[in-house]
Amino acid sequence: MRYSKLFGRTTRETPADAESISHQLLVRAGMISQGAAGVYSYLPLGWRVLRRLEQVIREEMDRAGGQELLMPALQPFELWETSGRYISFGQSLFTLVDRKEHRLVLGPTHEEVITDLARRYVQSYRDMPLMPYQIQTKFRDEPRPRGGLLRVREFIMKDMYSFDVDEAGLDKTYQTMAQAYAAVYRRLGLPAVMVEADSGAIGGKASHEFMVLTDTGEDVVVHCDVCGYAANSEKARSQKSLAGAGPAEAEEMGALTDVATPDSRTIDEVARLLSLPASRTLKAVFYQADGEFILAVIRGDLEVNEVKLQRALKCTALRLAEEAETRAAGMVAGFASPVGTHGVRVIADDSVPSARNLVAGANKEGYHLLNANYERDYSAEMVVDIALAREGDRCPRCEGTLKADKGIEVGHIFKLGTFLSDKLNAVFLDENGTSRPCVMGCYGIGVGRLLAAIVEHWHDDKGIVWPMNVAPYQVHICTLNPDKGDVEATGERLYQDLLSRGVDVLLDDRPASPGVKFNDADLLGIPFRVTVSPRTLANSSVEVKRRDAKDSTLIPVDEAGEALCRMAGEGLTAEHGAHP
């Protein structure tokens with residue numbers, strides 16, 4: 001490709017709304033262009049990278065036993081009504097009505113469609129295991145698109161679905177796909193970590209994310225270096241027993257007593273006033289869950305994990321209650337507790353029942369209660385883990401200390417079980433002729449998000465540093481002062497030589513200064529930069545520099561084509577190792 005003909009251009013200006021490094025660099029490099037909030041065009045350079053990523057993914061899915069197909073982006077709304085998931089997806093589901101008044105969905109995912117296909121074509125246990133997959137455009141009406149390609153409303157995804165005869169088969173397929181995902185990330189030089197995750201609107205009984213730890217990540221991974229436990233903060237657990245504390249049962253229950261706490265509304269203020277640790281208080285947090293008032297209570301030194309709470313309530317929408325809603329429920333903000341309340345749904349964290357003699361709100365302005373105890377003084381509709389695991393907490397599996405690091409999700413796999421095949425009647429006959437539902441799994445990789453994650457991980461202060469096997473081109477030829485001597489002719493000969501050898505080449509034939517060409521080469525991040533200039537030709541050589549190296553090498557002009565072809569090939573064969 002000749003740079004002078006390339007559609008798209010680099011820019012020195014960083015977009016004002018670009019917060020993530022990948023967003024900044026991909027726009028500046030002329031690889032993507034924003035059309036609307038969360039909607040991007042892939043320009044030729046970015047599209048070449050995306051297609052190469054797809055090929056890496058495709059090869060590993062095929063190697064694992066997958067079969068590629070293509071399903072429609074437009075889906076019948078009736079399928080979503082049958083599955084019931086239009087409720088859990090809520091406002092993120094794009095819907096439309098055609099000219100015949102038929103309601104349709106722009107697919108955010110394809111479980112409904114693939115399950116309907118399985119209903120038609122899977123009849124016997126002999127038809128499984130089955131692992132169809134596609135690489136297709138998806139649509140989700142994200143409320144806050146951000147981070148460039150990291151959180152968008154239209155995106156390209158590889159989604160695979162598995163069908164097995166039983167749970168043991170699903171477990172085996174799940175492990176196979178976990179290994180296939182690890183192979184993808186290894187080929188891309190991404191140090192992805194497999195962590196426990198919340199299944200979200202997709203549903204199912206278990207799921208894992210693959211996270212690339214980076215300071216610019218939008219998610220938080222809670223992990224233990226002692227035993228290897230790792231989970232997304234939405235799912236992470238921790239030990240809640242206080243270090244050095246004896247069993248709660250050993251402490252006698254004190255008498256429930258009012259105590260004046262004027263102007264002390266927060267946990268810290270009450271604990272300071274009464275000279276107690278926050279762990280001896282009961283925290284009350286007010287929520288609205290699908291329009292219903294909820295009182296969540298948790299030990300005062302802990303924080304509510306709203307994702308866990310939403311899953312426990314099985315609600316679609318969860319938000320903090322407003323002041324007027326709190327008053328209407330009879331609650332006094334800053335002085336509230338479940339003691340003596342009626343007609344309010346109370347959800348308690350599992351830290352609460354074992355905590356004796358807590359300080360709780362007295363449900364009247366300026367007062368708290370001493371020695372509030374679960375069951376004796378108050379109860380809850382549900383006792384469940386709704387606590388946010390934090391850095392410094394004790395690991396739930398061992399006595400190690402949890403750490404928390406930011407990360408970017410680059411893949412998500414789910415054990416769906418039979419809830420969709422039951423609803424959509426995807427059944428088969430087993431060895432005994434008995435009809436049973438298919439046991440399902442699903443496995444997603446957002447290709448655009450993966451592209452962004454590579455940039456987040458592989459960049460420096462000058463620009464992108466692409467791995468060889470996904471770079472838009474393998475070699476970037478810069479001709480400096482092409483009007484002098486044989487510079488232009490030599491650059492052209494080398495360009496044609498490399499093309500004939502099957503090497504992907506970008507020839508910068510623009511009438512631009514050396515500084516502009518070098519800056520653009522660094523920004524684009526193509527693995528090998530070749531400089532042809534009067535100075536190099538004075539030594540009958542060209543200068544070759546790897547994008548990830550400081551030093552350059554002079555190679556004789558007559559040997560350059562063969563040498564670069566060899567170096568590019570060596571980089572590609574290293575795809576199963578670290579960054580080439």
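Ala355 counts as buried, at 9% relative accessibility; buried means under 20% relative accessible area, exposed over 50%, and partly exposed in between, with a 1.4 Å probe and protein chains only. Ala355 sits in the loop between β17 (345-349) and β18 (358-361). Helices (H or I, at least four residues) and strands (E, at least two) are DSSP runs, numbered from the N terminus. Leaving aside neighbours within four places in sequence, Ala355 is in contact with Arg299 and Asn373, where contact means heavy atoms within 4.5 Å. The C-alpha atoms of Ala355 and Leu242 are separated by 9.9 Å, and the two residues are 113 apart along the chain.

Before I go on, the ground rules. This is a predicted model, in which local features need pLDDT of at least 70 and side-chain atom pairs count only at pLDDT 80 or more, while totals for chains, interfaces and linings use all residues. Residues are numbered from 1 along each chain as its sequence is written, and side-chain values use heavy atoms, with hydrogens and water left out.

Next, strand β11, residues 219-223. Four of its five residues are buried, so β11 is largely enclosed by the rest of the structure. Which strands does β11 join through bridges? One is β21 (residues 403-417), which runs antiparallel to β11 and is joined to it by five bridges. Val220 has Lys406 as its bridge partner in β21. Another is β12 (residues 230-232), also antiparallel, with three bridges. There, Val222 is partnered with Ala231. Two strands pair if DSSP finds at least two bridges between them. The hairpin of β11 and β12 has six residues between the strands, and Gly228 takes a positive phi near 90° in it.

Now some backbone geometry. Most residues other than glycine have a negative phi, and most peptide bonds are trans. Ser275 is not a glycine, yet has a positive phi of about 55°. Ser275 lies in the loop between α7 (267-274) and β14 (282-289), and is exposed, with a relative accessible area of 66%. Asn481 also has a positive phi of about 55° without being a glycine. Asn481 is partly exposed, at 33% relative accessible area, and is found in the loop between β27 and α12. As for peptide bonds, the one from Met128 to Pro129 is cis, with omega near 5°. Pro129 is in the loop between α5 (111-121) and β7 (132-139).

An open sheet of five strands runs in the order β28-β27-β29-β30-β31, with mixed pairing. The edge strands are β28 (505-508) and β31 (552-556), each pairing on one side only. From one strand to the next, the twist averages 25°. Inside the sheet, β27 (residues 475-479) and β29 (residues 528-532) run parallel and are joined by five bridges. Cys478 stands opposite Thr531 in β29.

Helix α12 (residues 487-500) lies across β27, β28 and β29, at about 165° to β27. Helix α13 (residues 514-524) lies across β27, β28 and β29 as well, at about 170° to β27. For these angles, axes are lines fitted to C-alpha atoms, for helices over the stretch in contact, and angles run from 0 to 180 degrees between N-to-C directions.

Last, a helix pair. Two packed helices are described by the angle between their axes and the distance between the axes. The axes of α2 (residues 44-63) and α11 (residues 447-457) come within 10 Å and cross at roughly 105°. That makes α2 roughly perpendicular to α11; angles under 35 degrees count as roughly parallel, over 145 as roughly antiparallel, 65 to 115 as roughly perpendicular and the rest as oblique.

Which residues of α2 meet α11? They are Gly46, Val49, Leu50, Leu53, Glu54 and Ile57, and in α11 they meet Val447, Gly448, Leu450, Leu451 and Ile454.
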